[in-house]
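This report describes a pocket and the sheets and helices around it and elsewhere in the chain. The sequence and structure come first.

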Amino acid sequence: SMTGSTPMQKMRLGMVILAGTCLIAVAGYVIAGWTFLDAIYMVAITIFGVGYGEVRPINDPGLKLFTLCVVVAGCSSGIYVLGGFLQMIAEGEIQRAMGARRMSRGIEQTEKHAIICGYGRVGQKLVEELRESGVELVVVDRNTDRLAEAERDGILVVSGDASEEATLRRAGIDRASVLATVLPGDAENVFVTLTARELNQSIEIIARGESESTERKLIRSGANRVVLPTMIGATKIAQLIACPTVEALVGDPKAFSRLNQDLDAFGLGMLEIPIGEQSVLVGSTIKDIELTGDGGNVVVAINRAQGEVVRNPKMEDVVAAGDRLIVLSHNEDLPAVSRRAAQQSEQMVYRGTRYSN
């Protein structure tokens, strides 16, 4: 049935009937003895309802009836095409309005969600990562093209300026648990932070900044945490330049302590343990050492007495006196490993045989 067809199908069907009517009509007039040009002219003024006088007088009742059929078929198919076109425009508008309504209803039903202000390069990467972790999101941006892309991916979006109260309210700031503002301009991020903090005292605000001077402003505006991507990048590059290999890391106390600061955030620590001549660990394999404590120790490298560094040692590698072990472990397990290494193996001689207990 035509009621269930799409506007595009209606237009296509209308055009096919219109084209067919024109061809049959032209052929009919030519058969009646008209010239080709007269026939085309007659069809054009008849179908498009211009209503000039007849090109030639039509006295034959058959031709009159034929012309009448041309008028009805041509006008009907023309109206059908126009109707399909208008329906397409109207449906598009209705769908857009419905989409916006559905979107806002979706946002109304979310709580404890994260609001991401800014869907640029950083925002897109952030959304991608968070979606993998299954965090509920609402994205706010002024750029409707970018938002359309996000919407197609099934993300809840709000179009508007994130520093305006109305926009953040539409994004459900009163029910959100965290807001991240990652707009490219520092001033914009400060404004968003101020507005967000005013609207929700308890929400956690994470803001992106470009310079260290902005960091202070963002904290004063109400940000809980500030991320400076350029600074993080610079530090990382500096670490790579200053400490390109495990060998350099093992030999550079400054790089070592910097790495330990980073690891501390995860409750881990790295320790360099010297193996003395009398240590109980002399002659032990890596497997024996890693099973010390709660099994939370990993020997990352062995700094051999001869100066060679064995990275990622194998389970069966043996530790010799004078070696230094680089061990990664949970902070609370580190002292146990050091104590074990410091234990002296008491060797006693009994009837010419050495026993070690």
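In this predicted model, the second largest pocket has a lining of 18 residues, and those nearest its centre are V122, L126, A180, V182 and V227. The volume of this pocket is about 380 Å³. Sorted by class, its lining holds 13 nonpolar residues, 1 polar residue and 4 charged residues.

Which elements each supply at least two residues of the lining of the second largest pocket? They are strand 1 (114-117), helix 4, strand 4 and strand 5. The most comes from helix 4, which gives 6 residues to the lining.

Helix 4 covers residues 121-132, 12 residues in total. From its first C-alpha to its last it reaches 17 Å, close to the 16 Å expected at 1.5 Å a residue. Just after helix 4, G134 has a positive phi of about 80°.

An open sheet is formed by 6 strands in the order 3-2-1-4-5-6, with parallel pairing. Its edge strands, strand 3 (156-159) and strand 6 (225-227), each pair on one side only. On average, neighbouring strands of this sheet are turned by 20° against each other, direction ignored.

Strand 4 (residues 178-181) pairs with strand 5 (residues 204-208) in the parallel sense over 4 bridges. Across this pair, A180 stands opposite I206 in strand 5; A180 is also one of the residues nearest the centre of the second largest pocket. Helix 5 (residues 144-152) lies across strand 2 (137-141) and strand 3, and its direction makes an angle of about 165° with strand 3.

The partner of strand 7 is strand 10 (residues 324-330), and the two pair in the antiparallel sense over 7 bridges. Within this pairing, M270 stands opposite L328 in strand 10.

| Helix | Lies across | Angle |
|---|---|---|
| Helix 5 (residues 144-152) | strand 2, strand 3 | about 165° to strand 3 |

Terms used
Residues numbered from 1 in each chain as written. Predicted model: local features only at pLDDT ≥ 70, side-chain atom pairs only at ≥ 80, totals over all residues. Heavy atoms only, no water. Pairing = 2+ DSSP bridges. Axes fitted to C-alpha atoms, helices over the stretch in contact; angles between N-to-C directions. Contact = heavy atoms within 4.5 Å. Expected span 1.5 Å × (residues − 1). 1 Å grid on protein atoms, 1.4 Å probe; cavity = no way out; pocket = protein on both sides within 12 Å on 5 of 7 lines; lining within 4 Å. Points joined across faces, edges and corners; volume = space filled by probe spheres on them. Nonpolar A, V, L, I, M, F, W, Y, C, P; charged D, E, K, R; others polar.
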